[in-house]
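Subject: Structure handover

Hello,

The sequence and the structure you asked for are below.

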Amino acid sequence: MENLPVEVIGNILSHLESARDVVIASSTCKKWREAWRCHLHTLSFNSCDWPIYHELSSNSLEILITQTIFQTKALRCLTISMDDVHEFSAASVIAWLMYTRDTLRRLHFYVRTPPMFNIIEKCGRQKLEVLALGRNFITRVEPSYQKFPCLKSLSLSFVSISELDLCLLLAACPRLETLSMVSPVIASSDSQASMEISSSSLKEFSVESFGLDKFVLEADLLEHLHLKDCTFEVFELIGKGTLKVLKVDDVSVIHLDIGENADNLEFVDISNFTIMWPKFYHMISKASKLRRLRLWGVVFEDDDEVVDLETISVCFPQLSHLSLSYDLRDGVLNYGLQGLSLLVNVAVLELGWTSINDLFATWVAGLLERCPNLTKLIIYGFVSEVKIHEECQILAKFTEFIIELGRKYMHVKIEFEYE
C-alpha cells in the first residue's frame, strides 16, 4: 500500500462515494489524507447512507458539508441528497457551487431550497456534463447568460418550472442528449394545458408521473422515448425517424402519435396499457428491424381484438427477444397460436401470468414449438399467499409439465421468477 501512487489512492477513495466512509478512510495515514485533499473526485452526502444525517439540523448539516467539501481540491462528481425535512440556505449552496465550479462535471442535488433561490443561475457557464436536480425552483432562465455548453444529461425531479423557462433552459443546452423528468410542476399560460418542447440534440427523453391534455416533443435525433405513469389526451413526437426504443408503462393516452419514427425501432416495451390494436399495429408495423418486443399487461380497447403469433412473426422477422403475458378473456387468448410461421430468430422468451389455469401450460408449449432456435425461457408468475386446493393442483401440474418440457428441450435454459 505504501508504494501506491497518491493518485491511485484518490481513485480508491472516490469509489467509496459516501462522504462519511471517505473521511474515515482518509484518516489512515498522511498519504491518504493528501489523496483526499488533492485527488478525490467523487463525494456523496446521502441521508440513506448514515442515520445521523436525520438527527442533525439543517444548519449543522450545512456546516458539515461545507467543511468537508472545502478540504478537497479536485471534485468532479458531487451528490447531495437529503430527505424532505431539511432545507438548505442559498448562501451555503452558492458557496459549494462556487468552490467546485472549475472542476465539477456531475452534480446531483436533491434538497429543498428557498423558493426565491434559482439554482440554475449558479450552475450556468460551468463545465457541467450531468445535472440532476430535485425539489427545487427554476425561474427566470436567461439563455444568453446561463449557458450550459458542455451539459449532456439533465434530470428534473419534483422541480417547479414554467413551460417558457423549460424551453429556454433546453435552448441553453446545445449538446444535451438526455432529458428526464419525474413529477415536474409545470406552470403554463395555456388554458388548454398543452406543452411543446424541442431540442435539436436530444437522443433520450423520459417522463414519469405527469399529465397534460397535449404534449408535443420535437426532437430530430431522438432514439429513446420512455413514458411512465402519465396521463395525456394527446402525445405527439415530431422527429426524423431515428427512434430505436419505445417504452410505455402505465400510461393513459387517447392519441399516441410517433409520426414516421417507427422504421428504425429496435425495442418496443408496452406494459399496463390500454390500446386500440389497429392504431398501434399501424404505428409500429413498419418496424422491420425490431429485435425486442414486450407486451405485458396490455388491455385491448375492443373486446374482439386479439394479436396472434402469425402477425408478430410476419411483421418482425428479426425479433430475437419476445416477452408476453398470458391473458385469457372469455375463452379467447390475446396472443394465440394461429398460423404456421416460426419465430426463427427468437433466442430469449419471457412468459408470465397473473392468474394461472390449465391452458397456460399448453400456451407455453405451443410458443416453444414456434421458436426453434430458443436458448432461454423465463417464466414469470404471481403466487398468492393464500391458495385453495384447486390452485395448488394447477401449480403442481404446471411444475410437472415444465419438467417434462425441459427434458424435451434440453438446449433451452429455463428460469422462474415468482412474486
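In the protein, confidence is lowest in strand β19 (residues 332-333), at a mean of 58, and highest in strand β8 (residues 178-182), at 98. The confidence value is pLDDT, which the predictor gives to each residue on a scale from 0 to 100. Over the protein the mean pLDDT is 89, with 95% of residues at 70 or more. Where pLDDT is low, the predicted coordinates should not be read in detail.

Two notes on conventions. This is a predicted model, in which local features need pLDDT of at least 70 and side-chain atom pairs count only at pLDDT 80 or more, while totals for chains, interfaces and linings use all residues. Residues are numbered from 1 along each chain as its sequence is written, and side-chain values use heavy atoms, with hydrogens and water left out.

Overall picture

The protein has 12 helices and 22 strands; these are DSSP runs numbered from the N terminus, helices being H or I of at least four residues and strands E of at least two. Its C-alpha atoms fill a box of roughly 70 × 55 × 40 Å along the principal axes. Of its 419 residues, 46% count as buried. Buried here means under 20% relative accessible area, exposed means over 50%, and partly exposed is in between (1.4 Å probe, protein chains only). Among contacts (heavy atoms within 4.5 Å) between residues at least 6 apart in sequence, 59% join residues at least 24 apart.

Helices with a buried side

In α3 (residues 30-38), the residues W32, A35 and W36 are buried. They lie on the same side of α3, because they cover an arc of only 100° around the axis. The arc is taken from the directions that run from the helix axis to the C-beta atoms. The cover over these buried residues of α3 includes α1 (6-16), α2 (19-26), β1 (42-46) and α5 (58-69).

The buried residues of α6 are S92, V93, W96, L97 and T100. Their arc around the axis is only 130°, so they too sit on the same side of the helix, α6. Among the elements that cover them are α5, β2 (77-81), β3 (106-110) and α7 (119-123). An α-helix has 3.6 residues a turn, so residues three or four places apart point the same way.

T100 belongs to α6, which spans residues 90-100. T100 has 2% relative accessibility and therefore counts as buried. Leaving out residues up to four places away in sequence, T100 touches I69 and L75.

Two residues and their contacts

L166 lies in helix α8 (residues 163-171) and is buried, with a relative accessible area of 0%. Not counting residues up to four places away in sequence, L166 touches L156, I161, M181, I186, M195 and I197.

S160 lies in strand β7 (residues 160-162) and is partly exposed, at 24% relative accessibility. With residues up to four places away in sequence left out, S160 touches N136, F137, I138 and V185. S160 and N136 are 24 residues apart along the chain, and their C-alpha atoms are separated by 6.4 Å.

Positive phi

Most residues other than glycine have a negative phi. R135 has a positive phi, near 60°, and is not a glycine. R135 is in the loop between β4 (130-134) and β5 (137-138) and is partly exposed, with a relative accessible area of 23%. D250, also not a glycine, has a positive phi of about 55°. D250 is in the loop between β13 (245-249) and β14 (252-257), and its relative accessible area of 41% makes D250 partly exposed.

Largest pocket

The largest pocket holds about 500 Å³ of space. Of its 23 lining residues, H255, L256, K279, F280 and M283 are the closest to its centre. β14, β15 (267-275) and α9 (277-284) are the elements that each give two or more residues to this lining. β14 gives the most, with six residues. By class, the lining has 11 nonpolar, six polar and six charged residues.

For the terms: on a 1 Å grid over the protein atoms alone, a pocket is an open set of points where a 1.4 Å probe fits, with protein on both sides within 12 Å along at least five of seven lines, and lining residues have an atom within 4 Å of a point. Points are joined across faces, edges and corners, and the volume is the space filled by probe spheres set on them. Ala, Val, Leu, Ile, Met, Phe, Trp, Tyr, Cys and Pro count as nonpolar, Asp, Glu, Lys and Arg as charged, and the others, Gly among them, as polar.

Regards
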